[in-house]
Each structure stands twice: as structure tokens, then as C-alpha cells.
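Keep the structure open beside the text as you read.

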Amino acid sequence: MANNNVFIALQNNEEARPIIEAIEQDNAEARVEYAPAMVKIDAPGRIVVRRETVEDLIGRDWDPQELHINLISLSGNIDEDDDAFVLHRGD
Amino acid sequence: MAIEIKTASIEPIRHTFSNVARRQGADKPASRYLEAMYDLQPTVNFHYRPLWDPDHELYDTGRTAIDMADWYAFRDPRQFYYGTWTITRSKQQDVAERNYAFVDKRNLLDLVGAGTRERAEAVFVPLRHAEYAANLNNMYICAYGYGTAITQAASFNAVDRLGIAQYLSRIGLMLDGNTCESLDRGKQAWLEAETWQPLRRLTEDLMVTRDWFELFVAQNFALDGLSFPLVYERIDGELQKDAGSTISMLNEFMNEWYGETSRWVDSVLKTAAAESDANKAQIEQWARHWCDRAGEALQPVATEVFGERADEVMAGLREELATRAKKKAGLDIE
Amino acid sequence: MAAKRLNLREKYQKFTRDLAWEPTYQKKSDIFPQTEFEGIHIHDWDKWEDPFRLTVDAYWKYQAEKERKLYSIIDAFSQNNGQLNVTDARYVNALKLFLTGISPLEYAAHRGFAMAGRQFGGVGPQVACQMQSIDELRHCQTQIHTISQYNKYFNGFHDWNHMHQRVWYLSVPKSFFDDAMSAGPFEFVTAISFSFEYVLTNLLFMPFMSGAAYNGDMATVTFGFSAQSDESRHMTLGLEVIKFMLEQDERNVPIVQKWIDKWFWRGYRLLSLVSMMMDYMLPKRVMSWKEAWEMYFEENGGALFEDLSRYGIRMPKYWEVSVKEKEHLSHQLWATFHNFGHAAAFHTWIPEESEMQWLSEKYPDTFDKYYRPRFEFWRQHTKEKGRWYNPTLPMLCQTCQVPMLFTEPDDPTQICYRSSQYNGEQYHFCSDGCKDIFDDEPEKYVQAWLPVHQIYQGNCGGASIPEVLEYYHLVDGQDNKEYLESNDRANWLRWKGMADTEADREVQAVVNE
């Protein structure tokens, strides 16, 4: 069962849609799965949510901390700063 | 017709939970505050004695000298549960945010004289450490207190205090242009300057006070009851002479918060004192003792701003607090 | 003046850990008296990494936004009698188990994290624990407010916290949290933040909330997902605290491993209640317990422990047993509750044929072979001689307090019994995992308030079932027993029947079976 997947789950709603789209744009290996009311995104090793990508999609300022509002769950280590929210395995 | 039948047939079979019904009657719905506050804390059938306090149960009335027949008598006049508390605070935070942005954008602090800025920094910035102690003290009351009525309000208070510590830090950053120098100077003063040592000693003494209700009286009534009026009314008023309302705008949250929180503090004291003469005597003894300590601890801070008038200012504040205790809680702490 | 801008990390550092100081008037060990007795060595609290950097103002802003959204949905739900939109009244029983079993744990977490948030010696973990403390209060309160509407229309909810402190199977969750809270702050956080939240909580919330969505319970979905958004912060705290302890001192490693072993097993036993909820209590099912265990424990848990192996941490002891048990867990639980349904605060029933079919498909190696015959036998028995309830009291495991219902890991026809001697008394366990936990701290676990022992000792109102039910505040004939004979079902059909003839056909189907 060796693997190094990380995942993030978001509510499936209007606010989360551009975030999901940004993740798809910036993470080529991300797999997006739709469950009732929820979207779960898996990727090997790393998922990054970039402020700039989201801002381009919604046309306004976006703080990566806004992610909290629609976040459901995640797995992996977190690194959060002004420009991105990153999930990763290892160091 | 179908609608009428449907409406008629879907009557609730009860109005509220049984524990709430036992307290307020079963014939009416209960408020959200009551349904999510009453009897939340377990009271019986604990499985294991705490390793960190084997003389008591996990939740135990024996951790304070105060005795109550019903610990849910401490209802919060603000009726705060998590939702109403956060929503209230976020509205205040919106206002504070706008005030900070307003002062920042127009460089209003640049219009304040250097002496006044220094004074503001010297008084406000070290207080963030005192607020941190208040945070831990209220978390202590939440952790080891008895009954959700008072413990949940203490947990909100604890987070409020961390918030205030952070607002005070922001004031420092606005004064020093985000260099953090004011914060470093403030900490140095807190650790070493004579002005702050009595207060620092008091906060450290409070952090080892074991009776949680005594801690409530000492922190939330005595120390706050003297320090908030001193800092956010008297000293702020003094600074206004030069700074206009600029600095007051940055303090507005604290001012408003203190007014609101005092209602809760007073109602807790009133309820506990009204319960028995023993409670009343105990609270009065604590209140006198800690008001004396707090008065002494704040005296040098008052002196920084008021010089020789400090005695008079502190005596006035003590008298006002005694009047408040008498009027709002029926306590004699002269 | 041209002010420079502080980045998030610097700002957060100044706004939290820089607030503390090295005390000189009091000893630090008197201010934080609980940081050493567990044997954990911390050399530098400043090495704590804050994964999330929420200042209080941002916390208020985002939490208030979540609360506004949630309460507007709760309001709409009650105004529109949303409880009538669930798939079937049987679904509501899952919520009863939730309110009596899980919501009180949210409260316990609120107080437990307040303790940890006061006791840790560094501001980083203090603040993380304090925020979690009030988040947990939020979860408890939003659950009460959501389920308040169900309480007005269904039985079994009305005295949830009174029941939580007394009813036999609810001592499983209660003793779990009492155990964690009565330990020190490091063990508490390892137990709750890491083992429960990080490793296992996805098994509670993800399938259950998706289950609520499948079953038309939008209010529960909303509080569930809204709570989960806080949960991500909590899970991260769990991982951070483990890494912090492991990095501080290598003497911490065996202690942490022991706690991970213990709390994995404690948490897993607690989740056995969730397994039956998933497989038996949801009229429309999302995934089986077995599938959920594979996805959330074997897969994600596997990746996590691989990540931790560089610190010398291995998979929790007996995880292989959990993998073997996944084929059996939910069936054994539901069968037991079916038989003791007269003493439970929710209704029980025999799965309908279509549901048995689903179970056969999800559990091809075990359901038809071991469990279907039992349910068919009971169905037949009910038809011929009436519903049967077990009149005796079950023996409980001294550690997890679940009745002794689990079978040997390699023989599903043998009940698993283990025992230990302590001070001349014999104590009984459901598994090697529970026996190990007892053997490591027997002086703690002999104190357990075991509901069945308490009944026999006369501490629960009397020795007869009616007396005990009264002590539980469990109204006989309303809160308990068979779903088909319940007021809940009768009311449901009445409410739905007038608006929806579909329900009538369902009744016919059941009655004429």
C-alpha cells in the first residue's frame, strides 16, 4: 500500500468552483472526483493552490486563507503563505 | 385543501429537549442559546480520575471555594453561543479594520506629535503581554470551571483577549512602520522597566492561582475593572488632547468590548453572591485583595502619564469600581 | 511614511509566540505544571511550526461567514419542515446515534482542548489548541441546533446528554474521551488530534455526511461540511504535534508510538458504531464500511505512516486485525443492537431484501455465509412468535466497553475473549488490542464505570429493565425497540401519507410481506 498521495476535499459549490479549476490548471497530475455535495482532489506528492491563478479566475483579490470557508478535508503536510496553499508529503 | 391537511397534521410532538423542558417547562420552544448551553457538561459517571489531579473528577465542583446549587444560574446576559459570539465579533472586527485602514491610508498617525506617539507606544504595546496572560487565565476558567454557562463565556473571553493582544500589536506596528521595533521595545519594558514590574508580577501570580472562580474575580473583575478604564478611558482621554481621535479609533474595539464584557462579569458576580452569604463574603474578600494588588500594579503605569495626579486617578478608578460592584453585583468592596 | 509589509509568517510569529515571556516572579513549572509528568522531553517550544496562521481577526471573519451560511440553512430547514425530505424515517436513527454518541464528544473536545491550550508551555500549540477548543464548542452547538428540529418530530433525541452519561453503549464514546482527558496534555493531543482526527475522523464525517446528502438531510450535510472545514485545521494540529514531539527528543519516540498504538485501537473500536450506521442505518448507502476503511485508513493512513517512518514510527499495532475485521464489523454490531434494541435510544430493524442484496454484493465473502442466515432467522421468528429481545445483560470489554461481540480475527465463528489478572481480580477484553491497553495501565482501567456492572451493583435505578430505562430517561415504547412498531414510523407515514401515496405502498409492502 505504498503511496505518497495527498488529497484535498472541498464543498461542491459556487465559491469552490474557481478554486477547483485553479488546482486543475496548476497541478497536471490532480485527479478530480465528484461525490454528493463534495469534490475530492487527489495527486501524487503535492497539490498547490495559487493565489494568482484563483485571482485570474475570479477577477478580484483572493487570500489563500479564504480556502478555509469551503474546505472539507485534506491529507498531507501544509505550507500556507501569502501566495499559495501547498499540501505535500515528506519535507 | 391538500395544503391545509398537511399543515394541520405536521405538529411537533415536543417543543424542546427534555433537559431544557425540566428547567423552563415543556410547553414552549427554547432559544438557541438555552438549547445549546444548558447541561452540556457531563456531571456523573466519570470513568477515570485525571492523572493530573487525582483528588478530583474530570469535572468537579470542588475546584473552587464558591458553591452553587445550580451552576447554570450563570446565564450570560449577552446570550452568547458560538454563532452569536463570532458574528458579533466579526462585525466589530469590520469596524476596527476600517478604522485601521482609515488611519493608515491618510497617514493620520504622522499628524500626531512625536511625544504623544511615544507615550502611546509606551502604554499600549507592553499591555499585549498582559492580555496574553488574561487569555491563559480565561482558558483556565474554561478548562477547570464548572457548568457550560460560565465556562463557554470564559472561552470566548479568552479568545477575545488574544484578539486584543493582537490589536495592540497592530497599533505597535502602525506606530513603528512595521519594523517591529516597538514590539521589541515593549517587551523589553515589560521584562525590565520598573513601570511594568508590579503588573508583570501580578499577571504571573494570577497564572498560578488555582481556584478558578478566584481567578475570575481577580482577572475579569479586579484587574480588568481598573486597567481598562485607566487605559482606554483616562489615558486615551489624555492622549486625545494632542492626537485627537486618531488613537481612540485604534482602541475602539477594546473600549466597546469592555463595556459589553462588564455586563457579563457583573451578572456572574451578582448571581454567585446572591446564592449565599458564604459566597458573598468569599467574593468580597477576593475582590478587595485583588483590587488592592491591581491598584498597586497599575499605579506606576498611571504615573507615566499623569505624574503626580496618578494617585488621584487611581483612587477615582477604585471608587468607581467599588460603586459598580455595589450597584451591579451587591458587593461591598470598599 | 513608507511602511514595509510583514509577511504572513513574520506577522503570525509576532502576534502569537512573541506575546509570551520567560517568567521570573513565578516558576515556569508552576505556571505550566503538566508538561513533564508524561515523560515527554521538550527542549525548545519555538521549534513548533504553525501550519495555519490564522490571527484572531481573520478567525472571526471566516468563522462568522461560515456561521451565517449555516444558520440561514438551518432556519430554512426548519421553516420548510426539511425533516420530511429525508429518504425514510429509519434514516433519523443514525442522527440519534450521532446526537447521543458524537455531539457530547465535541463538547468534551472543547473542554479537553481548553485544558491543553492552557497547559502547553509554548504559545504556538496553546493558540492552536485554544482555537480548536472553541471550534469544538461550535460543532457541538451547531449539531444541537440542527438536530433540534428533528427532536421536535422524532423520539430518541430528547435527553441526549443525560443518556450519554448513562446508557450502556454510550459509555463506549464517553469512556473514550474520559480516557483521553484524564491523561496529560501530550497524550490527549496525540489521542484526539492525531489518532482520532488525523487518522480516523475522515471515516466518521466523510461517509456519514455524504450519507446524509444521499438521504436528503441537507441540514446535517451543511453542519457536517461546515464543521469539516475546521477539522482540516485540527487534523493538521494533530500531525504537527506528533512531528514536534518526535523531533524534540528521541526518547519521545517510544512513548509516542505507544500512544499511537493505544489510540488507534481505542478509536477504531469506537468507530465500530459508525460501521453499523453506514451499512445498516442509512436507507440509501454511499459506500460500505469496508470500502471506507480501505479508502481512508488503508490508503491514506498508509501514506501517512510511510511519511512518519523516517522518525522511527510504524503503523499502529493490530492494524492488520482491523483489516481482517472489516468484513465482519458492521454485521456483528447491528446484530447485537438488534437483540438489545429494547435498551437502545434508537430503533432497530431487519434489513429489507434489497438491502440484504446490497450487503451480499459489498461483502461477498462473509455476508451470505455468516450474517444473512441470522437476519433471515430473526425475520422468520418475528413473523411467527413476535419480535425477540435478549433479556440478559451483555458482558462488556473492560477497556473499550463494547459488548463482547467481536470474533477471533481468523475465525468468525468464535467470539474473541481475552483476560488479565490484576490485584486478584479477573478482567475481560474483546481483543488483544484492548488487553494490551489495560495491561499497560491497569490502575486506570479498573476504575471504568462499566454500565452492566453498575446495573448489577444497583447504581442504575434497579435491576429490572423498566427501572434501568427510567434511569436512562429512555421512554419505553417510544425511544426504543423495533422500527416497524414505532411511533416514529407511524407519524412518518401519517405525515408523508397525506402528501405522498408512495408511503402508503411502502406500508402495504411491509404489512403484507
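How many residues of chain B are in contact with how many residues of chain C? In this predicted model, the contact brings together 95 residues of chain B and 103 residues of chain C. Two pairs of chains are in contact here, and of these, chains B and C share the most contacts. Between them they bury about 8700 Å², with 60% of that area on carbon and sulfur atoms. If you look at the chain B side, B:His47, B:Tyr48 and B:Tyr82 lose the most area to chain C, together accounting for 11% of what that side buries. Charged pairs take part as well: six salt bridges are counted between chain B and chain C. Among the salt bridges to look at is one that joins the side chains of B:Arg170 and C:Asp57, at 2.9 Å from N to O.

Now turn to chain A. Its contact with chain C takes 34 residues from chain A and 43 residues from chain C. The area buried between chain C and chain A is about 3300 Å², and carbon and sulfur atoms give 54% of it. Three salt bridges are counted between these chains. The side chains of A:Arg89 and C:Asp307 meet in a salt bridge, with 3.9 Å from N to O. Chain A and chain B, by contrast, do not touch, and their nearest C-alpha atoms are 14 Å apart.

Next comes the largest pocket. Its volume is about 1300 Å³, and 39 residues line it. Lying nearest its centre are B:Glu97, B:Arg170, C:Arg5, C:Leu6 and C:Lys11. Which helix gives the most to the lining? That is H4(B), with seven residues. Helix H4 (82-105) and helix H7 (148-176) of chain B, along with helix H1 (8-15) and helix H3 (56-79) of chain C, each supply at least two lining residues. By residue type, the lining divides into 16 nonpolar, seven polar and 16 charged residues.

Finally, a word on confidence. The predictor gives the complex an ipTM of 0.96 and a pTM of 0.94. Chain C has an average pLDDT of 92, and 96% of its residues score at least 70. Residues 498-513 of chain C are another matter, with pLDDT below 50, although this stretch has 14 contacts in the model beyond near neighbours in sequence. Where pLDDT is low, predicted coordinates should not be read in detail.

How values were computed
Residues numbered from 1 in each chain as written. Chains lettered and ligands numbered in written order. Predicted model: local features only at pLDDT ≥ 70, side-chain atom pairs only at ≥ 80, totals over all residues. Heavy atoms only, no water. 1 Å grid on protein atoms, 1.4 Å probe; cavity = no way out; pocket = protein on both sides within 12 Å on 5 of 7 lines; lining within 4 Å. Points joined across faces, edges and corners; volume = space filled by probe spheres on them. Helix = DSSP H or I, 4+ residues; strand = E, 2+ residues; numbered from the N terminus. Nonpolar A, V, L, I, M, F, W, Y, C, P; charged D, E, K, R; others polar. pLDDT = per-residue confidence, 0-100. Contact = heavy atoms within 4.5 Å. Buried area = accessible area lost by both parts, 1.4 Å probe. Salt bridge = Lys/Arg side-chain N within 4 Å of Asp/Glu carboxyl O.
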